[in-house]
Structure formats: structure tokens, C-alpha cells
Amino acid sequence: MKNNNWLKWSAYAVAGLIVAGCATYPDQATTKQMAEKMVFEGFTYSAEHKSRLVQDRSQQICSKIGDEKLTQAEAAEVVKLARASIKFPASGKLVGDWKTGDKLAHNGAGDRIRNGKEESRKENGALCQNCHALAPGEINVGNVGPPLTGYGKQRGNSEAIAKYTYEKIYNAWMYFPCSNMPRLGATEHLTPEQITHVVAFLIDPQSPINK
Amino acid sequence: MKQLRRNFLKLSGGAGAMAVAAAAGLLKAGSAWAAPWNKSAFESKAVADVQKSLGAATLIESKEITITAPDIAENGATVPVAVTSKIPNTQSISIIAENNPFPLAASFDIMPGGDSYVSTRIKMGKTSDVRAIVKADGKFYTAAKEVKVTVGGCG
Amino acid sequence: MADPMKIRATLQGDTADVRILMRHPMETGTRKTSSGVVPLHFIQSVVVQHNGKTVLDAQWSQAISQNPFLGVRVKGAKVGDKISVTWTDNKGDKRTDEVAVSAGS
Amino acid sequence: MEKMRSIGLALGAVALFAMAAPAMSQGNDLSVGRKMLVEDNPGDLWIDIGKELFYQKRGPKKASLEQCDFGLGAGKLEGAAARMPRYFADTDRVEDLESRLLTCMTRLQGFDRKGLVKQAISRPRSKGSDIEALALYITSRSNGMKVNVTLSHQKEYDMYKAGEYLFYRRSGQTDFGCVQCHGEPDKRIRLQDLINMTSKAGAQEVASTWPAYRGAHYVVRTMQWRLNDCVWQMRLPDLEYGTDYSIALTTFLNHRGNDAVMQVPGFKR
């Protein structure tokens, strides 16, 4: 009997706390647990597509909330993981065909999922136009990333620049840990061959981007 | 004729009666009040043919016509276009999207009491001059403004 | 059944500023769906009347956007005057709606 | 490593300043067209449709939605949407307007939830869905009032914090969280302006302009649609309608958008 009363009392106490406005923000660990549950309960997905919801180590590190800064150790880990992710094309050639690269740069499609199906495309686009200014005078371009207009004109088309550019597209986080740029090669959105074409589009003197 | 029509309206209680009249077959759909649809102008694929079908032999460039439209349309499906004519006795305003498959989008006959201003929204397939042709005192005047059309979305 | 229009008519000086929204698919006759091409279906004519007198007689093509907007101005209007709008499409469907001119702000 | 990052940033900054004035800023910018469109918003046509749906006796139980409590009491719509998402005791969960509609349409009217969810987001160029029209009508009854999403129940705090976490959570093919596109001022994807939702003004724009008429689709769209389309572009799998993931994000954004004056329908290109 006594016990029962005590239970009742504590229940009232808890309710009282909430009513009295003493509800508070949950701590970090609780927040994470609740939010992660929401992710996996909020989407419909196949076993294959589940990987798009699961964070890899770098994505975990790069999901800083608000103004929280990356620590040096974390940045170093992201860079290390990025460096390890890079694969070069079988041919060994890092500069492909700029015309193919031009088309890829202006293609924003590929890999999107609706009703459980991936959009059917021959290949994924490189998405560049969405976020970067490209050839001079082009209007329909984004500005989330820095302009790429005159990219090769400014940097030249040496082997070192070609390699840097390839790596930058393959996994931008090797040079800019946790930047907004998708790791297009590392996430397998683009193939190594496709990336060589985009490299050509950026550094070839004939490319409209360098005109 | 006009007088007759107005009397009819008055007698039958105004606009509300129109549907009744139409249903009774008293008025042929679209023909009672509206001028006949200018089929040849609307079905022309070339701007020159549109001009001909509107009856405009020659066009006079005019600064008295103002076209209000965005320089860049975010979405070609809904491009706002407004035309104001300050030319005295403006009788009609036509709106033409030059690069559309059928360039003539709309033609507005302005009657006494109407102001020489119209505003609407048109579909544009690609970047194009939007041209206004204004008929005033039997003469034809024109002005144009380029509207850049970009494909929306990320597809 | 055609859906009602939304008409606003407000007096500015002696001119009524009339803004009309209509609900209509304005099909170009070229749009393809899984069940084939959607036939041409668009408003061809819009007549605006001020106290029963036609002040604007518009002819439209299929290039007017879906759910069309039309803005016009009527001179010599007073608060309480009737503005009526009638559209007719290429299938013979039509719709008339009417409002009274209200005082502008 | 910090050094390496700043070198990279410096390189980026050089390129950025080389092209400081993008093509957009000259002449009549996008605002001219936007102003023309928002002044006469075809979305207005759906307000009356939503109103009719609200008061009609519908569904297997032949009931109207007048008995639905949107937080201020049954059938009280004035200002209700401006205070959502909020906690509801009868479901013991935090609901946004659209999930609350699902609750009432199933409980009061007897509709099948699955069927409602399937039709909730209409096809482009269609006549729109019932939920889209209802959401617009109900939200329009808050027009002119201030957004006021309060956190008082523990579950509201939880939702807010989860929403914040999810806003910054990166995953999938593009490594995107919401903040990658919505964390800085004056950014665009192609020509489309991106709202900086980490600013007060940005969050206020989000909280006060949905549902909105989408010009390219010719239908009224809701916040659930907006989130659905975002995650599609982010290459994530299908976001289910009315689930906590979306309610959490909406709670986070709307609470931060407090004091914005509601004005719906918005007009989105």
C-alpha cells in the first residue's frame, strides 16, 4: 500500500516537472539515439539502398552541429581516409576527353531514388553545374562552390595539376576535409574514367571553361 | 447589334443569365461576345506570318510600349509578362514569344473603357524575345524584350 | 464542371485594377503521359465586362500558363460597379464569375 | 592539418573573388519576376477547395473535420497552423499539420491511412490532393499571425533537438546534410536561390510560406513535399510521408522561424 502511494507520488512529481516547464533539451547522446532511430524508421529502403542512410566514419566526423569545429585529429583522420580511398583509372591516364567532360559537368542526374527505383540512366552526371560557375557567360550555374571559370587558364595543365584535380574530384576531403563537395569518386557516383573526362574539361586549353 | 445584346442582358438579369442562354442554345459558344478566334494567326509558326495574320503590314518600333517581364525566367512554364501601351487610341495588344513553336500567345482587343494594359503569364520553351504588337488608330507598333529561359530543377 | 475564378477588383483613382485567377489545365496537346498524349485543351477567349459593357476581349493560345492569370484595368469605375469575366475554352466549356469593385487601400 | 585546410580555403577564395560578380546581379534580377508571380498567386484557388473539403462530411464515417483539434480545440483553426508542429496528448506524439490531418482523417472520417499517404503528394499538373488543399486552407487561417512554435512538452524539446541533429547529418551518395545547401547566405543551386536556414530570416521564410504554389508543377505543395524532394536530390531513399524524421526537421525550422508573419500560399518557382 505504502509502496503504491510512493509510485503515485513520483509519477505526479514527474508530470509536475513537465507541467511546470521543466522539460529540457535532451543531452547529445539521447538526441543522437532518437534522431538515428528516426532516420531508419523514416525511409523505405531496400537492403542495397540502406547504405545511403548509414554514415561512414568520415561522414560521422563531418556532421558537426552548428558552429562546432573539426578538431585537428578529426581533420587528419578524414584526410587519411580520403587519401586511402582514391583509385586511379586502369589506363593510368588522368586526362580524358573534355567534350565528354563538358556533357558530364552539365548533367545533374543519376542515382536518385523514387518508389524504390533508381532513375534509369546510362550514366550518372557529374553535377558540377549545380554548384559551380563553368564557362564564361553561362547563366544557369550555381554558386555553392567556387567558380571554375578559367580553372585551367589559372593553373595550367601540368601533370601535377591533373593529378590534384583528379584527386579533388574523386575525394575532395583529401584537400578540404569535410568541405561541402561530394566525394564523387569515393561514393562511386562517378567512375574513374568519368572523372578523367571532367579533369580534361577543367584543364584542357580547348575547353570552353578556359576560353 | 451591340445595343440589342445589352438589352437582352438587361432583360434577362445580366451575366448570370448567360449560362442559361447558352444552355438554351440562344448563344453560340464563344461567339456571342467574343470576336472569332484568329486561327491563322495562332497557328502561324513564323513571326512574319503572325504579323500578316494580325493585319500588320508594317511595324513601327515604339518606346511608348513597355514590356514588364523578368530578364531571366526561373521557370519557363510560368513567365510573367505585362504590356502597357501609352500610344493614344490603343485598340489591341498582342504578345508573341518569338521562339515558341506557335509564337502568338495572346491577343487582347481593348474596348473603350478598357485601359491599354494587360498582364498574364506565358509558357516559353527557350530563351526568346517577347514581342508586343500594338494596334492604335489602325497602325501597328512594336517593342521587344529578351527573356532568358533556363531549365529549372536539377534534372 | 469548370472551377470558379478568383477575381479581385480594387479602385485606384477612377480605375479599377482587376486581377483574375482561373483554374484550367491549358494543355498544349503535346504533353505525353503513360496513357498517351493529352489532347489540346485551352481557354481561347476571355471577355471582361464593366457593368455589362465589354471592355476587354482577349484571344488566347495554348501558350498561356496553366491556371491562368489575367490582369487588366478598367477606366471610369466606381466602388460597387460590377466586373464580370467569362472564359470559353476550345471544348466549348465556359465559366462566368462576377465581383463588385471594392475601395482601394 | 589546419594549415592544409587554410591553404585550400585560400585557393578557393582567390578563385571566388576573381568572379565576384555573378551574371545574375546585372539588370533586372530574378526578384522582378518573383514579385509579379507572388502578387497574383494561383495557389489562392485552392484555399476555397480546402475549405469545402474541411466542412464536407466525408469518408466511411461521413464526418467533417470540424471535430479535429489542431491544438487550440476542436475545429479552432484561427492561428492553429502557426503553432505547429506541437505535442498532442491524444496521440502522445508531436505532429505537424500534415500528420495531424492524417490522424483526424483516419480517426474521425475513417479513411485508410495508407491510401491517404499514397495520394498525399499529387502529380505535377494535376488538380492536387485533398491533403494539399486542406493544409493550405487551414494554414491560411493563420495568415497575418506570427509563427509561434513553443517547446514546452518534453517530446517537443526532443523533436527540436533531433531536427537539429538531422539538419547537419551527412550521408549517402552526395555526402549531403541539409546544411550543405542551406547553411550560407546568397547561395544558389543553378539559378535557384537556396534559403540560408541557419539564419533567423531564413528559418522565418521557411516557417511562414508553406504550403506554396509551385509554378513548375502548377499545384500547391506542402512542407512534406519539400522535404521529400530534398532527400530525393540528396540521393537518399524514399522519405515516408508524415514520419518523425520530417516532423523533427519541421519542428527545428519552424521554432527557429518564430515571429515570422504567416503568408500562404507562398509562390515557389
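Two elements count as in contact when heavy atoms lie within 4.5 Å. Keep that in mind for one stop on this tour, and remember that you're looking at a predicted model.

**Stop one: the sheet.** Together they make an open sheet of seven strands, in the order β2(B)-β4(B)-β7(B)-β7(C)-β2(C)-β1(C)-β10(C), and the pairing is mixed. Now look at the edges: β2 (65-68) of chain B and β10 (102-103) of chain C have a single partner strand each, so one side of each has no neighbour in the sheet.

**Stop two: a pair in chain C.** Zoom in on β1 (residues 6-12) and β2 (residues 15-21) of chain C, which run antiparallel and are joined by seven bridges. To see one position, pick C:Thr10; its bridge partner in β2(C) is C:Asp17.

**Stop three: a helix across the sheet.** Show α2 (residues 30-39) of chain D. This helix lies across β2, β4 (79-85) and β7 (114-122) of chain B, along with β1 and β2 of chain C. Against β4(B), α2 of chain D runs at about 90°.

**Stop four: inside chain D.** Next, colour α4 (97-107), α6 (130-140), α9 (200-209) and α11 (244-256) of chain D: each supplies at least two lining residues.

What classes of residue make up the lining of the largest cavity? Colour by class and you'll get 13 nonpolar, four polar and two charged residues.

Notes: Residues numbered from 1 in each chain as written. Chains lettered and ligands numbered in written order. Predicted model: local features only at pLDDT ≥ 70, side-chain atom pairs only at ≥ 80, totals over all residues. Heavy atoms only, no water. Helix = DSSP H or I, 4+ residues; strand = E, 2+ residues; numbered from the N terminus. Nonpolar A, V, L, I, M, F, W, Y, C, P; charged D, E, K, R; others polar. Pairing = 2+ DSSP bridges. Axes fitted to C-alpha atoms, helices over the stretch in contact; angles between N-to-C directions.
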